[in-house]
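Here is a short report for a first look at one structure. Keep the model in view while reading.

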Amino acid sequence: MKLTINGSTISVRFKSDAVVAKRVAAHIKRRIEEDDWLPFQSKKEALESWQKLGGIRVQVLKAYCLI
């Protein structure tokens, strides 16, 4: 299944993954707009931590050109 986030297309395997991707995208968008990276000390630290988790979150971060 293809999903467009921030003008980029990401692939997800299941409909439930699309729901998760949309939720993660909304979360990331809010953090970008508010420049809110808590509980992390910085944006860089947040991105490094989230990147380690992999999966859908990494695809969303790439869609927002954060990694």
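## A loop residue with positive phi

Asp35 lies in the loop between α1 and α2. Helices here are DSSP runs of H or I with at least four residues, strands are runs of E with at least two, and both are numbered from the N terminus. Phi of Asp35 is near 50°, a positive value in a residue other than glycine. Asp35 counts as exposed, because its relative accessibility is 56%.

The peptide bond from Leu38 to Pro39 is cis, with omega near 10°. Most residues other than glycine have a negative phi, and most peptide bonds are trans.

## About the model

This is a predicted model, in which local features need pLDDT of at least 70 and side-chain atom pairs count only at pLDDT 80 or more, while totals for chains, interfaces and linings use all residues. Residues are numbered from 1 along each chain as its sequence is written, and side-chain values use heavy atoms, with hydrogens and water left out.

## The hairpin

β1 and β2 form a hairpin with 2 residues between them. The two strands run antiparallel, and 4 bridges join β1 to β2 (residues 8-11). Strands pair if DSSP finds at least two bridges between them. Thr4 has Thr9 of β2 as its bridge partner.

Asn6 sits in the loop between β1 and β2. Asn6 is not a glycine, yet its phi is positive, about 55°. Asn6 is partly exposed, because its relative accessible area is 47%.

Which residues make up the covered face of β1, and which the uncovered one? Leu3 and Ile5 form the covered face, while Lys2 and Thr4 form the uncovered one. In a regular strand the side chains alternate between the two faces of the sheet.

## The nonpolar core

The largest nonpolar core has 20 residues. Such a core is a set of buried Ala, Val, Leu, Ile, Met, Phe, Trp, Tyr and Cys residues joined through side-chain atoms within 4.5 Å. Ile5, Ala21, Ile28, Trp50, Val60 and Tyr64 touch the most other members. The elements that give two or more residues to this core are β1 (2-5), α1 (15-34), α2 (43-53) and α3 (55-63). α1 gives the most, with 5 residues. In soluble globular proteins, nonpolar side chains tend to be buried together.

Take Ile5 of the core. Leaving aside neighbours within four places in sequence, Ile5 is in contact with Ile10, Ala21, Ala25, Val60, Ala63 and Tyr64. Contact means heavy atoms within 4.5 Å.

## Helices α2 and α3

How do α2 and α3 meet? Their axes come within 6 Å and cross at roughly 135°. The two helices are therefore oblique to each other. Axes are lines fitted to C-alpha atoms, for helices over the stretch in contact, and angles run from 0 to 180 degrees between N-to-C directions. Angles under 35 degrees count as roughly parallel, over 145 as roughly antiparallel, 65 to 115 as roughly perpendicular, and the rest as oblique.

From α2, the contact is made by Leu47, Trp50, Gln51 and Leu53; from α3, by Gly55, Arg57, Val58 and Leu61. By class, the contact has 5 nonpolar, 2 polar and 1 charged residues. Here Ala, Val, Leu, Ile, Met, Phe, Trp, Tyr, Cys and Pro count as nonpolar, Asp, Glu, Lys and Arg as charged, and the others, Gly among them, as polar.

The buried residues of α3 are Ile56, Val58, Val60, Leu61 and Ala63. They pack against β1, β2, α1 and α2.

## After α3

Tyr64 is in the segment after α3. Is Tyr64 buried or exposed? Tyr64 counts as buried, because its relative accessibility is 17%. Not counting residues up to four places away in sequence, Tyr64 touches Ile5, Asn6, Ala25, Ile28, Lys29 and Ile32. Tyr64 and Trp37 are 27 residues apart in sequence and 15 Å apart in space, C-alpha to C-alpha. Just after α3, Cys65 takes a positive phi of about 55°.

Conventions:
Buried < 20%, exposed > 50% of the residue type's maximum accessible area, 1.4 Å probe, protein only.
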